[in-house]
Amino acid sequence: MRASKYLLNTQREAPSDAEIISHNLMLRGGLIRQHASGLYSWLPLGLRVFRKIESIIREEMNNAGAIELSMPLVQPAELWQESQRWNKFGPELLRLKDRQERDFCLGPTHEEIITDIARNEIQSYRQLPINLFQIQTKFRDEIRPRFGIMRTREFCMKDAYSFHLDQTSLQQTYEVMFETYGKILSRIGLNFRSVIADTGSIGGNHSHEFHVIADSGEDAIAFSDESGYSANVEKAEALAPKSEVITKPPLLAEIKTPGIKTIEQLCEFLNICKTRVVKTLLIYSKRENGDKKLSAIVLRGDHQLNMLKAEKVLQSHGEIELATQAHIKEFTGCTTGSIGPVDLKVDLFVDYSAAALGSFICGANKEDLHFTGVCWGRDCPSYKVADLRNVMNGDPSPDGIGRLKIARGIEVGHIFQLGKKYSSLMKATVLDEAGQDTPMYMGCYGIGVGRLAAAAIEQNHDCKGIIWPEPIAPFQIAIIPINLHKSQIVKEYSENMYKKLMAAGYDVLLMDMQKMRLGNMLYDIELIGIPHRLVIGEKGLSNGQVEYRHRSRGENEPLAVEVVLNFIKQHVPLYSLPLNC
C-alpha cells in the first residue's frame, strides 16, 4: 500500500476523554473515530487490524467444524417473549417499534434467533451435533459506554451456538471450543488465561471466560502459582481454614470506641490486626414474590464480600442490596461502624474464615461501642457458614496445589453450556433414537473482534505508541525513503524493494508522501505499531546499506542492500491476508 494513496490520519494529541491507553492510541493512530457515545467507525487502518483478527477467528472456527451463517440485528419481540427475556434482560435491550407498531429489539445476543432456526431446520438426532457461528454486529444500550471500543453500544463479535442430543455430546463440543479459543488467542499473539466464570444473563450451568492479561483490565482473575487452576475472582472458591481451638474462652467485654467508623480506625485504636476483627453487613435479598428480606453477613476484617456468592447463599431472586444508613439506624439503633452479630435479630450468614476464629472483636450494636472476647457458639449460637468472600493473593488454591495470585484481565471471550434453557422454553426439539421428541442441549461461544484489538494494545504498547503482535499488525513492513522527491537513487531502490516485498507476499506500507520529514514518518510508523521498518537514504545507499529496525527492540541494524530481501524472508514470517483486507 502506498501511503500517498491511503487514508492515514494520525494525531499528536487524543481527546481528553480517552480514559485508557488503547482508546488514546487508536484515536491518535487514526484507527477509529467516534460519532456518539459508544458508536465508532473503523477507519481503513483500524479495519485492517479488525479483518486480520476476524480472519484468524473464522479460520479456527472452520477448523473446529463450525458452519457460518448470518442472523439479523433486528429481532422480533415474540422470540424474546418465548424465552422469557423480553422483560428480564433490562434496559440494555434497545426496544423499538416498526411502522405497524410491532415490537422489535436490536440484538445484544442471538440465542433466540438461533433457537428459532434450529427448531425449524433440525428435526432428527441424525443432524446432530451441529455448531453454527456468525461474525456480526450486536447492540447493547450500555448506561455508560467507556474505554473506547472496549465497552461500546454497537460492537462486533463472533457468536457460535451448538446443538446436541445429550450432555455428553455438548461436553465434547464445549471442549473443542475451549481449545479453539486458546488457538485463536495464541495465533493473535496474546498472553491470556481461561477462567471458570459465572453464566450471567446468558444462563446455563457451566462457563469459562478468556482474559487477556493487562493492568488496565476491569476483571480480577485468580490463578494458582503451581497448577493450571484459574477462575474469575467472582467464582474462585475460598477454602475454609482450620478452626482455632481455644481451651479457655475469653470473657465478653464491652469497650468504648468513640468516633470509630471503619475497620482500619478500630484496628489502629486497639492496636490489633484486621484478622482479629469481624465486620457485619446488613443486606436485602429479593424473594420470589418480589418482597425484600433483611439478612446479615459476617466477614473477617481483612476480607471483601463477594456479591455473587452472597446472592446464591441468600437465594436471592435478583441482585442483593446493602442496607442504607437510614435502614441500619432504624433496625439496630447504631450506624455502620458499630454493627455486630451478637443478638442481631436476623438470619446470620458467616464466612468460613470468620467462623474459624476462636474469639474476635465486633460491633456491639450500640453507637461507639464494641465487644471483645466474642465466641461463636456462646455469644452467637445460631448462624450458617458459607463461602462469602473474594479470594486474596496467597490464599490456598482450590485445587489443593499452590497459592493463588490475583491479576487483572480484559474479558475477550466467554463460552457457556446452556443445557436446555432455551430449547425447552422455545420447544426446539428433535426426534431421538426411540422416536420421542426431546429438547436439544445447547452451547454458546462468544468472542469480541474489536475488543481483541483494544486488548492487544493494552497488553502491547510503549511511550511511542502501539506494538502490535505481528499477525494482526495493519502492515508488517514500512519502507521509509528519505527525501524521496529529491533523490532518484532513493526512489528507484524504494520502489524496487516495495515491489519485491509485495511479490513475496508481505503486507507493506511505502511512505511515499512527497516532502514529508523523516521525523514525522518515524513518529507515525512507531505510533501505529508497524513491526518492521526499512529506512532508505542516499547516504546509506552510497555506502551500500539500508537501516532496519524492529518496533519492539528499538535498535537500528545496518543491512547490505543486496541481502535485504533475504534478511526479511528469514526474519519476518508470512501471514495469509484476508481477501477483504
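Gln 75 stands opposite Cys 105 in strand E6. Strands here are DSSP runs (E, at least two residues; helices are H or I, at least four), numbered from the N terminus. The model is predicted: local features need pLDDT of at least 70, side-chain atom pairs count only at pLDDT 80 or more, and totals for chains, interfaces and linings use all residues. Residues are numbered from 1 along each chain as its sequence is written, and side-chain values use heavy atoms, without hydrogens and water.

E4 and E6 (residues 103-106) pair in the antiparallel sense over 3 bridges. Pairing requires at least two DSSP bridges between two strands. The open sheet has 3 strands in the order E4-E6-E5, with antiparallel pairing. E4 (74-76) and E5 (94-97) are the edge strands, and each pairs on one side only. From one strand to the next, the twist averages 40°.

Now the helices. H2 (residues 44-63) packs with H5 (residues 167-188) at an angle of about 145°, their axes 10 Å apart. Axes are lines fitted to C-alpha atoms, for helices over the stretch in contact; angles run from 0 to 180 degrees between N-to-C directions. In H2, residues including Ile 53, Ile 56 and Ile 57 meet residues of H5, among them Met 177, Ile 184 and Ile 188. Contact means heavy atoms within 4.5 Å.

Gln 476 is buried, with a relative accessible area of 3%. Buried means under 20%, exposed over 50%, and partly exposed in between (1.4 Å probe, protein chains only). Not counting residues up to four places away in sequence, Gln 476 touches residues including Tyr 506, Ile 530, His 532 and Tyr 575.
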